[in-house]
Amino acid sequence: MRYIFKFPDIGEGLTEGIVIEWYVDKGTAVKVGQPLVKMETDKVVTDIPSPREGVIAARYGKVGETVHVGETLVEIEIAGEAGAEVKAPETEMVEETGAGVVGTIEVASNNAYLPASDEGREVKPAAEKGAARKVLATPVARAMARDMNIDINLVTGTGPAGRVMKSDIQNFHAPASAPKSSATPVGAARQGDLVEIRPMTQIRKSIAKNMLRSKQSTAHMTLFEEPEVSALVEARARYKEEYKKEDISLTYLPFIIKAVVAALQRHPELNSEMDFEKGNIIYKNYYNIGIAVSTPDGLVVPVIRNADRLTVKELSRAVAEIAVKARDRKLTLDDMKDGTFTITNYGALGGWFGVPVINYPQVGILGIGRINQQPVVAGGEIKVGNVMPLSLSVDHRMVDGAEATEFLNDVAAGVADPLSLIMRQ
């Protein structure tokens, strides 16, 4: 008989996913737990495993198409089980040719790419008389080729299945015999090309939804502080080379996490959550710190669990690992769950001050700006100091101004005197 396997509810409120890559084709024999398809959801890219052993009888959805929870992914022919053959839905899109749909997939980083799909490689007789095959390319490469007046069909792709990557466009040199283009110079508008429409990625949809929910569901209040952190700068400089011997990049972020956790332990309101419907406040006795990571697809917030139990060295490793996983699109749902407080480090990108948006349903988020050398007063004298801008946004329904100020002062004191973070433990 045929077993109909539908896109399952994998939790975290996910309702749909985009097909990134098919691992199976019609006629492929599969076992229980074998990956069938790679799907991009609102939060992660994940493989969907087969629930039964059998042979793929039908496959639904092209690469780049959106599939909702509850819609059919595949039909599996189960050997040795009697039963009527299931009729395929009218929306079946199996073995479709024309791999140009790959152009709707966003790349994860300048040097990373999504794995190639086998979809559309075999040309059916009915398709032989159709239009020329659209070249495989990432959206970034297509946009760059268009801006540089490069015919992307002339570019040799170095990505999977010959896909044209950003680097291929950057390294492309037009053949000497090619006629000079009469197109509009780079940067000038061309008739019929004044706008470009791209489908939103699942991550961008999730960001839009969550940011709107945060603004609509919480009462934002933001405070600012500028601690002088020369002692922190000196501590990092002192141990940076020693950490490098263990292949660890020592940044300021582990120290900031330590300061935040210490402040959360003294101010539990910042490590809580409101259950408004039941009239309760949920105080969390664990410290899972979300770290906002910027990727070309958008902002994601993986979590460092039990940060209160980790040393500066262990935090350094954890920060590096989640950053790599985020940019390589290898985060799992477990990497994103159960955060209690969030840190966003826009200073790493050169930002100074900002007003961060709370990662709902958390009640607080700390923004870190870039460290600047500027005049400071110490002991009645002016000297050159290192100043770190801090921005704290809290849900004013849960946290009063006095509590937020004391929390921010504690964080500022911790980064100003990193030794205190160890001595007070």
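**Chatting through the model**

Visitor: Hi! Where is aspartate 247 found?

Guide: Aspartate 247 is in the loop between α4 (230–244) and α5. Keep in mind that this is a predicted model.

Visitor: Is aspartate 247 buried or exposed?

Guide: Exposed: aspartate 247 has 73% relative accessibility, and the cut-off for exposed is over 50%.

Visitor: And what about phi of aspartate 247?

Guide: Phi is positive there, about 60°, although aspartate 247 is not a glycine. Most residues other than glycine have a negative phi.

Visitor: OK, what is phi of aspartate 338 near?

Guide: Aspartate 338 has a positive phi near 70°, and this residue is not a glycine either. You will find aspartate 338 in the loop between α7 (333–336) and β15. With 45% relative accessibility, aspartate 338 is partly exposed.

Visitor: Changing topic: is the peptide bond from tyrosine 360 to proline 361 cis or trans?

Guide: That bond is cis, with omega near 10°. Most peptide bonds are trans. Proline 361 is part of the loop between β15 (341–344) and β16 (364–368).

Visitor: Now the inside. Which residues touch the most other members of the largest nonpolar core?

Guide: Ile257, Val260, Ile289, Phe341, Ile343 and Leu366 do, in a core of 54 residues. Helix α5 (residues 253–266) is the biggest contributor to this core, giving nine residues. Apart from that core lies another, with 17 residues, including Val19, Val63, Leu73 and Val74.

Visitor: Where does glutamate 40 sit, and is glutamate 40 buried or exposed?

Guide: Glutamate 40 sits in strand β4 (residues 35–40). Glutamate 40 counts as buried because its relative accessible area is 6%, and the cut-off is under 20%.

Visitor: Which side chain does glutamate 40 join in a polar contact?

Guide: The side chain of arginine 329, at 3.0 Å. Setting aside neighbours within four places in sequence, glutamate 40 also has Gly17, Ile18, Ile20, Val45, Thr201, Gln202 and Ile203 among its contacts.

Visitor: Last one, helix α8. How far apart are its end C-alpha atoms?

Guide: They are 22 Å apart in α8 (residues 401–416). For 16 residues at 1.5 Å a residue, the span should be 22 Å, which agrees.

Visitor: Which residues of α8 are buried?

Guide: Ala404, Phe407, Leu408, Val411, Ala412, Gly414 and Val415. Looking down the axis of α8, these buried residues fall within an arc of 160°, so they line one face of the helix.

How values were computed: Residues numbered from 1 in each chain as written. Predicted model: local features only at pLDDT ≥ 70, side-chain atom pairs only at ≥ 80, totals over all residues. Heavy atoms only, no water. Core = buried A, V, L, I, M, F, W, Y, C linked by side-chain atoms within 4.5 Å. Buried < 20%, exposed > 50% of the residue type's maximum accessible area, 1.4 Å probe, protein only. Helix = DSSP H or I, 4+ residues; strand = E, 2+ residues; numbered from the N terminus. Polar contact = N/O pair within 3.5 Å; in protein donor to acceptor, adjacent residues only side chain to side chain. Contact = heavy atoms within 4.5 Å. Expected span 1.5 Å × (residues − 1). Arc of directions from axis to C-beta.
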